[in-house]
Amino acid sequence: MDIQVNKEQMFRVVIKWLNIYYGDLTTKTYLNIPGKVFYVDKRGVTVLEYEKDNEYEPTVWVDSDILWSKITDIFHINYNEIQSILEVWLKETYNLEGITPSQTRLAINFGFE
């Protein structure tokens, strides 16, 4: 049996999933790296990196292994759709507006002050 959902319904489902699994990240700053805020899970693993001082525009780097690929695998949506959903979620959940979410592998999981 196929269940059909429209784009707006899919967005809301993904945002609800994000809130359940990633809605309680803690902000940390990294020693000697000004202009960046790291969002870590309960284990201290970096999930998001907010780069306020990017020379082009503020950017949120989303860990491709921890979060981005899970969205792709679970919901079967493309890069642009994920980016749009994350823009809404980051604004609603972490008050990050006017940012561009992009995927990368984040390796910073220690040294927080």
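Two strands are taken to pair if DSSP finds at least two bridges between them, and the strands (E, at least two residues) and helices (H or I, at least four residues) are DSSP runs numbered from the N terminus. In strand S3, the bridge partner of Phe 38 is Glu 49. The model is predicted, so that local features need pLDDT of at least 70 and side-chain atom pairs count only at pLDDT 80 or more, whereas totals for chains, interfaces and linings use all residues. Residues are numbered from 1 along each chain as its sequence is written, and side-chain values use heavy atoms, with hydrogens and water left out.

Strand S2 (residues 36-40) pairs with S3 (residues 46-51) in the antiparallel sense over five bridges. In the hairpin of S2 and S3, five residues lie between the strands, and Gly 44 takes a positive phi near 85°. Strand S1 (residues 26-28) also pairs with S2 in the antiparallel sense, over three bridges, and Thr 27 has Tyr 39 of S2 as its bridge partner. Four of the five residues of S2 are buried, so this strand is largely enclosed by the rest of the structure; buried means under 20% relative accessible area, with a 1.4 Å probe and protein chains only.

For the helices, axes are lines fitted to C-alpha atoms over the stretch in contact, and angles run from 0 to 180 degrees between N-to-C directions. The axes of helix H1 (residues 7-22) and helix H3 (residues 79-94) come within 10 Å and cross at roughly 55°. H1 and H3 are therefore oblique to each other, a term that covers the angles left when those under 35 degrees count as roughly parallel, over 145 as roughly antiparallel and 65 to 115 as roughly perpendicular. In the contact (heavy atoms within 4.5 Å), the residues of H1 include Phe 11, Ile 15 and Leu 18, and those of H3 include Ile 85, Leu 86 and Trp 89. By class, the contact of H1 with H3 has ten nonpolar, three polar and three charged residues, where Ala, Val, Leu, Ile, Met, Phe, Trp, Tyr, Cys and Pro count as nonpolar, Asp, Glu, Lys and Arg as charged, and the others, Gly among them, as polar.

Helix H2 (residues 64-75) packs with H3 at an angle of about 120°, their axes being 11 Å apart, and H2 and H3 are therefore oblique to each other. The contact is made by Trp 68, Ile 71 and Thr 72 of H2 together with Tyr 79, Ile 82, Gln 83 and Leu 86 of H3. By class, five nonpolar, two polar and no charged residues take part in the contact of H2 with H3.

Conventions. Buried means under 20% relative accessible area, exposed over 50%, partly exposed in between (1.4 Å probe, protein chains only).
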